[in-house]
Amino acid sequence: MNQEKRVEEFSLEALRAGNKAEFARLVEAYSGVIYRLALKVVEDPQDAEDVLQETFIKAYRALPNFDGRSSLSTWLYRIATNEALMTLRRRKSASVANTISIEEPSPNEENEQEPIQIVDWCCLPETEMMSTEARAYMEKAIETLSPALRTVFLLRDIEGLSTQETAEVLNVSEVVVKTRLSRARMRLRELLSEYFGERAARRSTPEGENS
Amino acid sequence: MSHQNCRHLLGSLSDYVDGELADEVCAEIDRHLEECENCRIVVDSLRKTIYLYKVTSGPPSVPEEVRQRLYLSLDLEEFIERKANSEMGKA
């Protein structure tokens, strides 16, 4: 169930000229992915809706100057990611703990963490791994990542962007993308192993089923 | 292989599952995995983790009311194309 790569079949000329019908096509093509990304970064439907609207308002205004150096999708993801991170920054500065940087991984994410959970849970049936409860746990696990790691993970593994595209969206080097992706994945693996490992252990009774 | 070796490979496992490593590094990890069950478990569960997030992320979609408000905010109501409701008159 991979993301199908969107074919970019938009007239840049029409978009730059402010053609509304062409812009509406762009909105129709990308609002779904932008909303999904926003929702997972800001974790709040109202904020995600604001990010969605701001993204396309800003895109419409900036289109006359769009130089086409990056693809339209990368460019839109970039506006959306900046909006989403700005939302988080506003939220942070409104709260007490405003010293944490949004763009950088938190200090304990800086070091490559050694795996603690070495449990084989891959034998669990998919129905159990995709239960409502498991999905809710997985959502929570993503939320424990710093925004810096979370955005890289979402862009690469959920939205299916390449390392290079993700680097362009976030304005960081490809090495940084790979390092953050590695940390995000290893951390999520750790959390999922904790959760599913326990379930796998419960199953491995003598008469436990193996599939 | 020594535990030292496992630790040394950890930072490469993400690139390994993406198939983005140079052939020799990849071969080195392949060799290590044949001998080290713990690392095999880490690689398998890493793959499974990525897979699970991919398949459960759902299709990209916008709830209809969010979509309608988006079109209104962009002054694109004439392109909403879905059944018109009384909300639209307010734009």
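Modeller: From H2(A), the residues that make the contact are Tyr30(A), Ile34(A), Leu37(A), Ala38(A), Val41(A) and Val42(A); from H4(A), they are Ser73(A), Leu76(A), Ala80(A), Ala84(A), Thr87(A) and Leu88(A). Two residues are in contact if their C-beta atoms, placed from the backbone, lie within 7 Å. Sorted by class, this contact has 10 nonpolar, two polar and no charged residues. Here Ala, Val, Leu, Ile, Met, Phe, Trp, Tyr, Cys and Pro count as nonpolar, Asp, Glu, Lys and Arg as charged, and the others, Gly among them, as polar.

The model is predicted: local features need pLDDT of at least 70 and side-chain atom pairs count only at pLDDT 80 or more, while totals for chains, interfaces and linings use all residues. Residues are numbered from 1 along each chain as its sequence is written, and chains are lettered from A and ligands numbered from 1 in the order in which they are written.

Two packed helices are described by the angle between their axes and the distance between the axes. For H2(A) and H4(A), the axes come within 10 Å and cross at roughly 30 degrees. These axes are lines fitted to C-alpha atoms, for helices over the stretch in contact, with angles running from 0 to 180 degrees between N-to-C directions. H2(A) and H4(A) are therefore roughly parallel to each other; angles under 35 degrees count as roughly parallel, over 145 as roughly antiparallel, 65 to 115 as roughly perpendicular and the rest as oblique.

The loop between H2 and helix H3 (45-62) of chain A holds Glu43(A). Most residues other than glycine have a negative phi. Glu43(A), however, has a positive phi near 60 degrees. Glu43(A) counts as partly exposed because 16 C-beta neighbours lie inside 10 Å; a residue is buried if 20 or more other C-beta atoms, placed from the backbone, lie within 10 Å of its own, exposed if 12 or fewer, and partly exposed in between.

The assignment for chain A gives domain 1 (12-94) and domain 2 (107-203), with bounds taken from an automatic or database domain assignment. Their C-alpha centres lie 25 Å apart. Domain 1 of chain A brings 12 residues to the contact between the two, and domain 2 of chain A brings 13 residues. On the domain 1 side, the elements that give two or more residues are helix H2 (20-42) and helix H4 (72-94) of chain A. H4(A) gives the most to this side, with six residues. By class, the domain 1 side divides into six nonpolar, three polar and three charged residues.

The axes of helix H8 (residues 147-158) and helix H10 (residues 174-203) of chain A come within 8 Å and cross at roughly 95 degrees. H8(A) and H10(A) are therefore roughly perpendicular to each other. In H8(A), Ala148(A), Leu149(A), Arg150(A), Val152(A), Phe153(A) and Arg156(A) face partners in H10(A) that are Val177(A), Arg180(A), Leu181(A), Arg183(A), Ala184(A) and Arg185(A). This contact has seven nonpolar, no polar and five charged residues. In the loop between helix H9 (163-170) and H10 of chain A lies Asn171(A), which has a positive phi of about 60 degrees although it is not a glycine. Asn171(A) is exposed, because 11 other C-beta atoms lie within 10 Å.

For chain A as a whole, there are 10 helices and zero strands, where helices (H or I, at least four residues) and strands (E, at least two) are DSSP runs numbered from the N terminus. Buried residues make up 36% of its 211 residues. Of the contacts in chain A between residues at least 6 apart in sequence, 69% join residues at least 24 apart.

Finally, there is the partner chain. The contact between the chains takes 37 residues from chain A and 31 residues from chain B. H4(B) gives the most to the chain B side, with 14 residues. That side divides into 15 nonpolar, nine polar and seven charged residues. Asp15(B), in helix H2 of chain B, is in contact with Lys178(A), Glu20(B) and Leu21(B), leaving aside its neighbours within four places in sequence.
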